[in-house]
Amino acid sequence: MEIDAWVWWLIGAAALGIGLVITAMPELGMLAVGAVAAAVAAGIFGGDAVVQVVAFVVVSTALIAVVRPIANRHRAQRPQLATGIEALKGKQAVVLERVDASGGRIKLAGEIWSARALDTDRAYEVGQEVDVVDIEGATAIVM
């Protein structure tokens, strides 16, 4: 019993799909789509081996060339909505107790925080507005 070429391509696509699930490499999914295209070329259009391989290579290469840069660009973007500590960075606060390199207190987003001056030679007096540069544990670093 001889198995048609399109069946082999679908078996290859399934194997690549399984590899995608196991490794989480999106490129394997793109290759699986290329294998499906080759199966279509073999089964529906009756293409010979050269047409099947060309369909596989063209579709796989096109997907990798187009989809991968878009996915990388989306992965590199920061989230639009900052939450938690990230949302506090860059905010302004009011000094409640003198803040210097050894510590102090500020009012930040309606809450009282421990604070420390970023510049060790600098001190901020009560009522002065400061900018939050970073958060280290429960201490705001201000300047």
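Biologist: What covers the buried residues of α3?

Modeller: The cover includes α1 and α2. Cover here goes by contact, meaning heavy atoms within 4.5 Å. Helix labels come from DSSP runs (H or I, at least four residues; strands are E, at least two), numbered from the N terminus. Bear in mind that this is a predicted model, where local features need pLDDT of at least 70 and side-chain atom pairs count only at pLDDT 80 or more, while totals for chains, interfaces and linings use all residues. Residues are numbered from 1 along each chain as its sequence is written, and side-chain values use heavy atoms, with hydrogens and water left out.

Biologist: Okay, and why is S60 called buried?

Modeller: Buried means under 20% relative accessible area, exposed over 50%, and partly exposed in between (1.4 Å probe, protein chains only). S60 has 3%, so it counts as buried. Its place is in helix α3, where Q52 and A55 are buried too.

Biologist: Which residues is S60 in contact with, leaving aside its neighbours within four places in sequence?

Modeller: M30, L31 and G34. A polar atom of the S60 side chain also lies 2.8 Å from the backbone oxygen of F56.

Biologist: What about G12, why isn't that one buried?

Modeller: G12 has a relative accessible area of 28%, so it lands in the partly exposed class. G12 belongs to helix α1.

Biologist: Which residues of α1 are buried?

Modeller: W9, A13 and G19. Down the axis of α1 they fall within an arc of 120°, so they line one face of the helix. That arc is taken from the directions between the helix axis and the C-beta atoms. They pack against α2 (26-43) and α3 (49-76), while the face turned away carries the exposed W8, I18, V21 and I22.

Biologist: Where does α3 have a kink?

Modeller: At V67, shortly before the proline P69, and it's about 25°. The bend at a residue is the angle between axes fitted to the seven residues ending there and the seven starting there. End to end, the 28 residues of α3 reach 40 Å, close to the 40 Å expected.

Biologist: What makes S102 exposed?

Modeller: Its relative accessibility is 70%, so it counts as exposed. S102 sits in the loop between β1 (92-100) and β2 (103-108).

Biologist: And what joins the side chains of S102 and D100?

Modeller: A polar contact of 2.8 Å. The term asks for N or O atoms within 3.5 Å; within protein, one must be able to donate a hydrogen and the other to accept it, and residues adjacent in sequence count only if both atoms are side-chain atoms.

Biologist: Which residues does the UniProt annotation "transmembrane region" cover?

Modeller: Residues 6-23 and 53-71, from an unreviewed entry. UniProt positions use the numbering here, feature names are shortened, and annotations may be inferred rather than shown by experiment. In the model, residues 6-23 are 100% helix, and residues 53-71 are 100% helix as well.

How values were computed:
Expected span 1.5 Å × (residues − 1).
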